[in-house]
Amino acid sequence: MAHASSALGLKSIALFEAAKGALVILAGLGLVALLHADAQALAEAVVGRFHLNPASHYPKVFLALLSHPSDGRLWAIGGSAAVYAVMRFAEAYGLWQGRAWGNWLGVWSGGIYIPVELYEAVRHPTWIHIGLAVANALVVAYLVQSLARHKVK
């Protein structure tokens with residue numbers, strides 16, 4: 001029974017990780033589609049629709065990148081997004097197949113975000129920041145526990 005719930009937990013995490021990879025790819029494809037349209041006007045509409053302050057850091061970066069689609073930074077962000085998606089898919093595959101390396105990849109890739117998420121949860125205590133920090137810590141703890149169970153066998 002414990003083995004079945006462990007497999008279900010790992011498969012649930014695998015689906016979640018695959019969904020994150022797919023979301024990054026879809027967002028990237030959306031940005032590529034923007035580059036063929038009037039990217040600046042559309043970016044301004046997105047910033048306005050979500051009621052973001054165009055003078056704040058992230059919207060300003062977003063607007064600047066889309067106003068210069070040949071900018072090397074845009075390609076660097078795209079490359080980083082591709083690496084992120086490949087890592088999510090590799091982790092999902094490893095977890096789905098019950099491979100120890102999938103757990104290790106999940107512990108490593110989730111663990112590197114914990115300090116940043118905790119910092120954000122303390123600095124900007126919103127339900128989203130706190131929820132992300134707690135959820136990520138729980139997933140990493142589950143994967144560590146799964147690794148410990150795997151070693152005992």
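# Reading a salt-bridge network

Student: Which residue forms a salt bridge with E17, the closest N and O atoms being 2.8 Å apart?

Tutor: A salt bridge is a side-chain nitrogen of Lys or Arg within 4 Å of a carboxyl oxygen of Asp or Glu. Here R88 bridges to E17, with 2.8 Å between the closest N and O atoms. R88 belongs to helix α4 and E17 to helix α1, so this pair ties together parts 71 residues apart in sequence. The model is predicted: local features need pLDDT of at least 70, side-chain atom pairs count only at pLDDT 80 or more, and totals for chains, interfaces and linings use all residues. Residues are numbered from 1 along each chain as its sequence is written, and side-chain values use heavy atoms, leaving out hydrogens and water.

Student: How many salt bridges does the structure hold?

Tutor: The structure holds 3. In another, the side chains of K20 and E17 meet at 3.2 Å, N to O. The side chains of R88 and E91 also meet in one, at 3.0 Å. Shared partners join E17, K20, R88 and E91 into one network.

Student: Where do R88 and E91 lie?

Tutor: An α-helix has 3.6 residues a turn, so residues three or four places apart point the same way. R88 and E91 are both in helix α4, 3 residues apart, about one turn. K20 and E17 are likewise 3 residues apart, in helix α1. Helices (H or I, at least four residues) and strands (E, at least two) are DSSP runs, numbered from the N terminus. The chain has 7 helices and 0 strands.

Student: Is E17 buried or exposed?

Tutor: Buried means under 20% relative accessible area, exposed over 50%, and partly exposed in between (1.4 Å probe, protein chains only). E17 is at 4% and counts as buried. R88, also at 4%, is buried, and E91 is buried at 1%. K20 is partly exposed at 25%.

Student: What does the side chain of E91 make with the side chain of S109?

Tutor: A polar contact is a pair of N or O atoms within 3.5 Å; within protein, one must be able to donate a hydrogen and the other to accept it, and residues adjacent in sequence count only if both atoms are side-chain atoms. The side chains of E91 and S109 make one at 3.1 Å. S109 is among the buried residues of α5.

Student: Which residues make up the largest nonpolar core?

Tutor: A nonpolar core is a set of buried Ala, Val, Leu, Ile, Met, Phe, Trp, Tyr and Cys residues joined through side-chain atoms within 4.5 Å. The largest consists of 9 residues: L10, I13, A14, A92, L95, V107, V140, L143 and L147. Helices α1 (2-35), α4 and α7 (127-152) each give two or more residues to this core.
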